[in-house]
Amino acid sequence: NNRKELISMEKPPVIISTKDLSYICDIFNWNYTTCKLAYDISLKVNDPEIKDFICDIYKMHKDICEDLISMIYLEENYNKVNNPEVNVSKTINMNEKNYLEVILENEKNMSNNLSIAIDEASNDLLFDKLYDIFDDVKCAARDAFNLMFKNGWYTLEKAQDNKRKEENTKLNDKLNELNTK
């Protein structure tokens, strides 16, 4: 196990970090709330086409909830993962690490803005083009993250087992609520 931690890695291995666990719980809650809302709306809608659409939305978000719960224990056997840090100059001048941080931040901001544009695209052709750009930008952000990890500028710590178990129980309890229609 310790030997694995000393090997330089191109990309992070599959672990659920403390930050990942927090995101998983947040995303679960967004989908859980959407399920409850869709269920409530489906009881009030009379138009069959709209009702079917709302029921499909409910099912999609419930499936996402189930997938998210299964991710909590998805991992390889690491506790803390990082590469040896590549030293850069620590002066007022920008260095390689700073450049990558700026690029990563720009790609993140661009993808956030593209997400809104995609949702509001007025036609399918524009939607598809913007979605392709979004995908490219997301891949660029991931590549920047992986390059920063490779250079030792990101460290990942596995979420504690007791915290994962606690969150798993909470999320499963909420998921069970969705099964009691």
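**Salt bridges and overall build of a predicted chain**

A search of the whole structure turns up 9 salt bridges, a salt bridge being a side-chain nitrogen of Lys or Arg within 4 Å of a carboxyl oxygen of Asp or Glu. The structure is a predicted model, so local features need pLDDT of at least 70 and side-chain atom pairs count only at pLDDT 80 or more, while totals for chains, interfaces and linings use all residues. Residues are numbered from 1 along each chain as its sequence is written, and side-chain values use heavy atoms, with hydrogens and water left out.

The protein chain has 6 helices and 2 strands; here helices (H or I, at least four residues) and strands (E, at least two) are DSSP runs, numbered from the N terminus. Read from that end, the order is α-α-α-β-α-α-β-α. The radius of gyration of the protein chain is 21 Å, whereas a compact globule of 181 residues would have one near 16 Å. That radius is taken over C-alpha atoms, and the globule rule is 2.2 Å times the number of residues to the power 0.38. Along the principal axes, the C-alpha atoms fill a box of roughly 65 × 45 × 25 Å.

What about surface and contacts? Of the 181 residues, 31% count as buried, where buried means under 20% relative accessible area, exposed means over 50%, and partly exposed lies in between (1.4 Å probe, protein chains only). The accessible surface of the protein chain comes to about 12,300 Å², and 54% of that belongs to carbon and sulfur atoms. These areas come from the Shrake-Rupley method with a 1.4 Å probe, and for residues only the protein chains shown count as cover. Among contacts with a separation of 6 or more, 81% are between residues 24 or more positions apart, a contact being heavy atoms within 4.5 Å.

On to the charges. The protein chain carries 24 positive and 33 negative charges, and their mean positions are 7 Å apart. Lys and Arg count as positive and Asp and Glu as negative, with His and the chain ends not counted; each charge is placed at NZ of Lys, CZ of Arg, CG of Asp or CD of Glu.

Helix α3 (residues 48–71) holds both Lys59 and Asp63, 4 residues apart, so about one helical turn separates them. They form a salt bridge whose closest N and O atoms are 2.8 Å apart. Lys59 is partly exposed at 48% relative accessible area, and Asp63 is partly exposed too, at 28%. Glu66 and Lys62 also lie in helix α3, again 4 residues or about one turn apart, and their side chains meet in a salt bridge of 4.0 Å, N to O. Here Glu66 is partly exposed at 35%, but Lys62 counts as buried at 16%.

Glu167 is buried, with a relative accessible area of 10%, while Lys163 is partly exposed at 36%. Both belong to a network of salt bridges that links Lys163, Glu166, Glu167 and Lys170.

Finally, Asn146 sits in helix α5 (residues 124–150). Asn146 counts as buried, at 9% relative accessibility. Leaving aside residues up to four places away in sequence, Asn146 touches Glu10, Lys11 and Pro12.
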